[in-house]
Amino acid sequence: MELGPLQTKWIESLETHPERQRTDLLGKRDPDGSYKACCLGEGGLIAGVCEWSDSGYLQTIVGKNTSSLSDLTFKALGLRGPFGEAASEDGAEKLANLNDCGTTWSEIAKKLRANPEKYFTEPK
């Protein structure tokens, strides 16, 4: 499976901005405008399905969910599920788990590039 332009842009952002990585939340913005996000939050920003709340937390536009991509918005990235589920049954392979358990954005990007069909249902 080939990656679509939106997926490619997301993966390139993971590779280019490892300093933005955080765990436990989609994202949090500092008063100076800099921010840290989980890999799914970064993807949500790039896909245009996440926005910053007045209190500086990243949330999905649909559902105002600050912990994961909602069922409606993960589809914008072509992901298999709202936590970046893999095609396998292994929950440890979910992108959310990888991000929160110490896998770097660079390592996540490598996984996505190497096996896009494992995480994506279609090019976007």
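Me: Which residues are exposed on the other side of α1?

Reply: On that side of α1, Pro-5, Lys-9 and Thr-16 are exposed, a word that stands for over 50% relative accessible area, whereas buried stands for under 20% and partly exposed for what lies in between (1.4 Å probe, protein chains only). This is a predicted model, in which local features need pLDDT of at least 70, side-chain atom pairs count only at pLDDT 80 or more, and totals for chains, interfaces and linings use all residues. Residues are numbered from 1 along each chain as its sequence is written, and side-chain values use heavy atoms, with hydrogens and water left out.

Me: What puts the buried residues on the same side of α1?

Reply: In α1, Gln-7, Trp-10, Ile-11, Ser-13 and Leu-14 are buried. They cover an arc of only 155 degrees around the axis, which places them on the same side of α1, the arc being that of the directions from the helix axis to the C-beta atoms.

Me: Why is the pair of Tyr-35 and Trp-52 called tilted?

Reply: Rings of Phe, Tyr and Trp (its six-membered ring) pair if their centres lie within 6.5 Å, and planes under 30 degrees apart count as stacked, over 60 as edge-to-face and the rest as tilted. The ring centres of Tyr-35 and Trp-52 are 5.3 Å apart and their planes stand at 55 degrees, so the pair is tilted. Both Tyr-35 and Trp-52 are buried.

Me: How do you know that Lys-28 lies over the face of Tyr-57?

Reply: Lys-28 is 4.6 Å from the ring centre of Tyr-57 and lies over its face, where the rule asks for NZ of Lys or CZ of Arg within 6 Å of the ring centre and within 35 degrees of the ring normal.

How values were computed. Helix = DSSP H or I, 4+ residues; strand = E, 2+ residues; numbered from the N terminus.
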